[in-house]
Amino acid sequence: MPRQATADWNAADRAPEYPPGAGKKASTDAHPVTETATEARQAVTGHNVNVVLALSLAAVIVAFAAIYVVFWA
């Protein structure tokens with residue numbers, strides 16, 4: 001029988017590999033929380049992401065132009 005969901009979805013009995021304080025960054029007046037460039041970006045760089053974006057955008061523009069020509073020209 002399934003358990004009833006609780007407000008604490010990250011309870012220790014459900015995700016024992018992640019302790020309750022995992023991922024928290026403490027900040028004080030003397031030492032503010034800092035993030036690395038990768039942590040702040042929250043995305044990948046490289047992997048030709050910009051090429052995929054440019055080609056996808058060009059494909060959508062060509063597709064819309066073709067639809068316009070077929071239906072309204």
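Me: Let's start with H2: what length does H2 reach from its first C-alpha to its last?
Reply: This is a predicted model, so keep that in mind throughout. H2 has 24 residues, and at 1.5 Å a residue you'd expect 34 Å. The helix comes close to that, with a C-alpha span of 34 Å.

Me: How many of the residues in H2 are buried?
Reply: To count as buried, a residue needs under 20% relative accessible area. H2 is hardly covered, and its count of buried residues is zero.

Me: And what share of the whole protein counts as buried?
Reply: The protein has two helices and zero strands. Its accessible surface is about 7,000 Å², with 65% of that belonging to carbon and sulfur atoms. Out of 73 residues, the buried share is 3%.

Me: Is Val69 buried or exposed?
Reply: Val69 sits in H2, which runs over residues 49-72. Exposed means over 50% relative accessible area. Val69 has 51%, so it counts as exposed.

Me: Which kind of aromatic pair do Phe71 and Trp72 form?
Reply: The structure holds two aromatic pairs. In the one between Phe71 and Trp72, the rings are 6.0 Å apart centre to centre, with 55° between the planes. Stacked needs under 30 degrees and edge-to-face over 60. That makes this pair tilted.

Me: Which residues do the ring pairs link into a cluster?
Reply: Phe71 and Trp72 are both exposed, and they pair with each other. Ring pairs join them with one further residue, giving a cluster of Phe71, Trp72 and Tyr68.

Technical notes
Residues numbered from 1 in each chain as written. Predicted model: local features only at pLDDT ≥ 70, side-chain atom pairs only at ≥ 80, totals over all residues. Heavy atoms only, no water. Helix = DSSP H or I, 4+ residues; strand = E, 2+ residues; numbered from the N terminus. Buried < 20%, exposed > 50% of the residue type's maximum accessible area, 1.4 Å probe, protein only. Areas by Shrake-Rupley, 256 points an atom, 1.4 Å probe, with all protein chains shown as cover. Expected span 1.5 Å × (residues − 1). Phe/Tyr/Trp six-rings, centres within 6.5 Å; stacked < 30°, edge-to-face > 60°.
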